[in-house]
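This report covers the pockets, helices and selected residues of one protein model. The sequence and coordinates come first.

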Amino acid sequence: DLLMPLFVKTSLVSLSLIVAGNPFYTINRTFKNRIMSDDFELQKWFSEVDKDESGLLESIELQQALKQATLHFTMMSTNMMLKLFDEDQQGKLSFEQFKKLYSWILEKIDAFVVHDEDNSGALDLDNGEVLQAVISAGFRLDSHSFNAAFKAYDPDCDQTMSRTEFVGLCAFLTLCLNTFCSFRVHNADPENDKIELNFCQFVYACASCK
């Protein structure tokens, strides 16, 4: 019942606005506007899944919360997103951190929807939808790194990417970028940005991206 105002009422308003175009885009834009303007509703949602009333969400609670928003992430993707916003590194998210995470997720979904040109609810690798969405999400990859990242987040090997697969990919790329920047030499040339790692640093970097 607590979630009714956020999910049912918002979805009904969204559906009433669909005349042409992508329904996922309409719904997600409406969710975004509602959440940014109504912390009370988001706090109720947070409290509903905070079963132990600790004021913090663990991975399993976060995964359950996102499922209620029809975002069915794997535990691996959930853990990566938690790591992105767990600023105090306690393995849990506060309400403010959760709010930042959900806003970030909706921004990535916006990039997904804009490039879902056939309104299929999935991005197609062959026609360039995935690559353009990745670029819109803020990442510049060469063909080798892009293809390797895509394969890692296309578990069914169908050459398409769902919303949650795409957001999971963005979480991975963001962790990669953060880890890269932690090894970056100050005042490095942005046109020739490289890092050098010994084996121990390489192991640390790989572990930090999961």
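## Second largest pocket

The second largest pocket has a volume of about 320 Å³. A pocket is found on a 1 Å grid over the protein atoms alone, as an open set of points where a 1.4 Å probe fits, with protein on both sides within 12 Å along at least five of seven lines; lining residues have an atom within 4 Å of a point. Grid points are joined across faces, edges and corners, and the volume is the space filled by probe spheres set on the points. Rolling a probe the size of a water molecule over the atoms shows where empty space is left.

The lining of the second largest pocket has 13 residues, and those nearest its centre are Lys-83, Leu-84, Gln-89, Leu-175 and Ser-208. Helix H5 (75-85), H9 and H10 each contribute at least two lining residues. By class, this lining holds four nonpolar, seven polar and two charged residues. Here Ala, Val, Leu, Ile, Met, Phe, Trp, Tyr, Cys and Pro count as nonpolar, Asp, Glu, Lys and Arg as charged, and the others, Gly among them, as polar.

## Basis of the model

The model is predicted: local features need pLDDT of at least 70, side-chain atom pairs count only at pLDDT 80 or more, and totals for chains, interfaces and linings use all residues. Residues are numbered from 1 along each chain as its sequence is written, and side-chain values use heavy atoms, with hydrogens and water left out.

## Overall architecture

The protein has 10 helices and two strands, in the sequence order α-α-α-α-α-α-β-α-α-β-α-α. Helices (H or I, at least four residues) and strands (E, at least two) are DSSP runs, numbered from the N terminus.

Of the 210 residues, 43% are buried. Buried means under 20% relative accessible area, exposed over 50%, and partly exposed in between (1.4 Å probe, protein chains only). Among contacts with a separation of 6 or more, 59% join residues 24 or more positions apart; a contact means heavy atoms within 4.5 Å.

## Largest pocket

The largest pocket has a volume of about 630 Å³. Its lining comprises 21 residues, with Leu-141, Leu-173, Cys-176, Leu-177 and Phe-180 nearest the centre. Helix H8 (143-152), helix H9 (163-183) and helix H10 (199-208) are the elements that give two or more residues to this lining. H9 gives the most, with seven residues. The lining of the largest pocket divides into 16 nonpolar, three polar and two charged residues.

## Helices H5 and H6

The buried residues of H5 are Ser-77, Thr-78, Met-80, Met-81, Leu-82, Leu-84 and Phe-85. Their cover includes H4, H6 and H9.

In H6, 16 of the 20 residues are buried, so this helix is largely enclosed by the rest of the structure. At 1.5 Å a residue, the 20 residues of H6 should span 28 Å, and the end C-alpha atoms are 29 Å apart, which agrees. The expected span is 1.5 Å times one less than the number of residues in the helix.

His-115 is in the loop between helix H6 (95-114) and strand S1 (123-124). His-115 counts as buried because its relative accessibility is 13%. Leaving out residues up to four places away in sequence, His-115 touches Leu-123, Glu-129, Gln-132, Ala-133 and Ser-136.

## Other local features

Gln-89 is in the loop between H5 and H6 and counts as exposed at 72% relative accessibility. Gln-159 is in the loop between H8 and strand S2 (160-161) and is partly exposed, with a relative accessible area of 33%.

Ser-54 is in the loop between helix H3 (39-49) and helix H4 (59-67), and is partly exposed at 37% relative accessibility. The side chains of Ser-54 and Asp-52 make a polar contact (3.1 Å). A polar contact is a pair of N or O atoms within 3.5 Å; within protein, one must be able to donate a hydrogen and the other to accept it, and residues adjacent in sequence count only if both atoms are side-chain atoms. Ser-54 and Ser-94 are 40 residues apart in sequence, with a C-alpha to C-alpha distance of 9.2 Å.
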